Amino acid sequence: MKASIALVAALNTAACTETRNREPIYIAATISETGLRSTPAIEMENGYRMAVEMLNSGGGIQGREVELVTANDESEPDAAVRHYHAFVERVDLLLGPYSSPVTASVLDVTEAAGMPLVAPLAATPTIWAGKGREWSVQMLPPAPVYLHGSVEIAARAGARTVALVYEDTQFPASLASGVREAAAAQGLEIVLDQSYPAGEADHAVLAAAARDAGADLYIGGGYYDDAIGLTRGVDEAGYEPLLISLSSGVADPRFPEEVGDLARCVAGNTPWNSTISTSGFIAESERFVERYEILYDRRPGFHAAAGFGAVELMAEAIDATISPAGNLDRTAVRDYLFTASTETVLGPYGVYPLRDEQAGAQRILKGLQVQWQDDGEGGLVQRIIHPEAVAQAEPCFSR
């Protein structure tokens, strides 16, 4: 059942570190149910809700059920901040919102309140680096490394020039810095380096500029909608790069439904793929995928896996630290999150420890490069193409 802010306000305001046995454990998060980031955010929410449902159907955590409390942040940092101010006064523990900008905006609130928070979908390193975080942990790999594999693949295939286009917000800008580093390491020349305001990209114009610059590799992007728009823009501009590699949206199982055959040979990054076996506190990846398909009639992407994995991680921390009487200790939960080396459905988990310069930042999970390729039956299938140790196919190229 979806809990509302009204329910949060009705909870006992005196409940802080200690809570009574048999009462629900209240865990809260904002969701971008509307706004620019709603599509992937709702996938994250699906992961949250499915994990809580499966957890409770198995008896909860040592006899206590988990109640998920959510509010709509409208994809806006200010709205999220207001909701998290309410959450820290009313609930036990926290999960993060979707996206780096919104996550960054709420952490000052949650850190000051001494509230453990698991951030499933925030990849910008500056959210943690040098910040002295003591209560917030990251699940995703850092954004700058996301597309390194695609740059390496393109260079091996003979690419010499790069067009880098990206949304001018925290996560894509951080990703773009990594592309520049990788291009330099591979000896590639960046012939176009162009940012665009969030939600205002003219995708065909960007593709035409890359075409006119003679770029072999077209790379960058922003979030789900831009992956779709940039792919369509390449077609509209009559641009034929050797390789297209875009962040976030390409890995979504719905991507080829949106762009059709234009998805062929388009690559991108993902922290998770349903063909790799993982296992967490609640479920193995095979069971997670099966249950998701039953509930939502489609295969899950990494946004759903990250949401599910965040609940698994928090539940594991609670289970490991809850007292025999069933009481919750936030400091003990925090200490577990900062020291655990474990696994969730999303994959391996481990963060830099307290008092480290990058305390709370992910240091174990590595990303994958995936690409849409012919399935041999007239359709398209997503295959892993990098790193070589787990690759399922050789890359295909547009020319």
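How many helices and strands does the chain have? The chain has 12 helices and 14 strands; these are DSSP runs numbered from the N terminus, with helices (H or I) of at least four residues and strands (E) of at least two.

This is a predicted model, in which local features need pLDDT of at least 70 and side-chain atom pairs count only at pLDDT 80 or more, while totals for chains, interfaces and linings use all residues. Residues are numbered from 1 along each chain as its sequence is written, and side-chain values use heavy atoms, leaving out hydrogens and water.

**View 1. The whole chain.**
Here is the chain as a whole, with its 399 residues and a radius of gyration of 21 Å, which agrees with the value near 21 Å for a compact globule of that length. That radius is taken over C-alpha atoms, and the globule rule is 2.2 Å times the number of residues to the power 0.38. Along the principal axes, the C-alpha atoms fill a box of roughly 65 × 40 × 35 Å. Of the 399 residues, 57% are buried (buried means under 20% relative accessible area, exposed over 50%, and partly exposed in between, with a 1.4 Å probe and protein chains only). Among contacts (heavy atoms within 4.5 Å) with a separation of 6 or more, 69% join residues 24 or more positions apart.

**View 2. Helix 2 against helix 11.**
This view shows helix 2 (residues 38–57) packing with helix 11 (residues 302–321). Two packed helices are described by the angle between their axes and the distance between the axes. For this pair the angle is about 40° and the axes are 7 Å apart; axes are lines fitted to C-alpha atoms, for helices over the stretch in contact, and angles run from 0 to 180 degrees between N-to-C directions. Helix 2 and helix 11 are therefore oblique to each other (under 35 degrees counts as roughly parallel, over 145 as roughly antiparallel, 65 to 115 as roughly perpendicular, and the rest as oblique). Their crossing is right-handed, the term for a near helix turned clockwise from the far one by less than a right angle, with anticlockwise being left-handed. Residues making the contact include Gly 47, Tyr 48 and Ala 51 of helix 2 and Gly 307, Phe 308 and Val 311 of helix 11. By type, the contact residues are 13 nonpolar, three polar and one charged. Here Ala, Val, Leu, Ile, Met, Phe, Trp, Tyr, Cys and Pro count as nonpolar, Asp, Glu, Lys and Arg as charged, and the others, Gly among them, as polar.

**View 3. Helix 2 against helix 10.**
Now look at helix 2 with helix 10 (residues 285–296), whose axes come within 11 Å and cross at roughly 110°. These two helices are therefore roughly perpendicular to each other. From helix 2, the contact takes in Glu 43, Asn 46, Met 50, Glu 53 and Met 54, and from helix 10, Arg 287, Phe 288, Arg 291, Tyr 292, Leu 295 and Tyr 296. The contact residues divide into six nonpolar, one polar and four charged.

**View 4. Helix 5 and its cover.**
Which residues of helix 5 (residues 148–156) are buried? They are Gly 149, Ser 150, Val 151, Ile 153, Ala 154 and Ala 155. Among the elements that cover them are helix 6 (170–185), strand 8 (217–221) and strand 10 (266–270). Just after helix 5, Gly 158 has a positive phi of about 105°.

**View 5. Two buried loop residues.**
Asp 73 sits in the loop between strand 2 (66–72) and helix 3 (77–90), and counts as buried at 0% relative accessibility. Beyond its neighbours within four places in sequence, Asp 73 contacts residues including Thr 30, Ser 32 and His 83. Gly 360 lies in the loop between strand 12 (347–349) and strand 13, and is buried with a relative accessible area of 0%. With neighbours within four places in sequence set aside, the contacts of Gly 360 include Trp 128, Gln 138 and Tyr 352.

**View 6. Backbone points to look for.**
Most residues other than glycine have a negative phi, and most peptide bonds are trans. Gln 62, in the loop between helix 2 and strand 2, has a positive phi near 50° and is partly exposed at 42% relative accessibility. Asp 297, in the loop between helix 10 and helix 11, has a positive phi near 60° and is exposed, with a relative accessible area of 72%. In the segment after strand 14 you will find Pro 387, and the peptide bond from His 386 to Pro 387 is cis, with omega near 5°.
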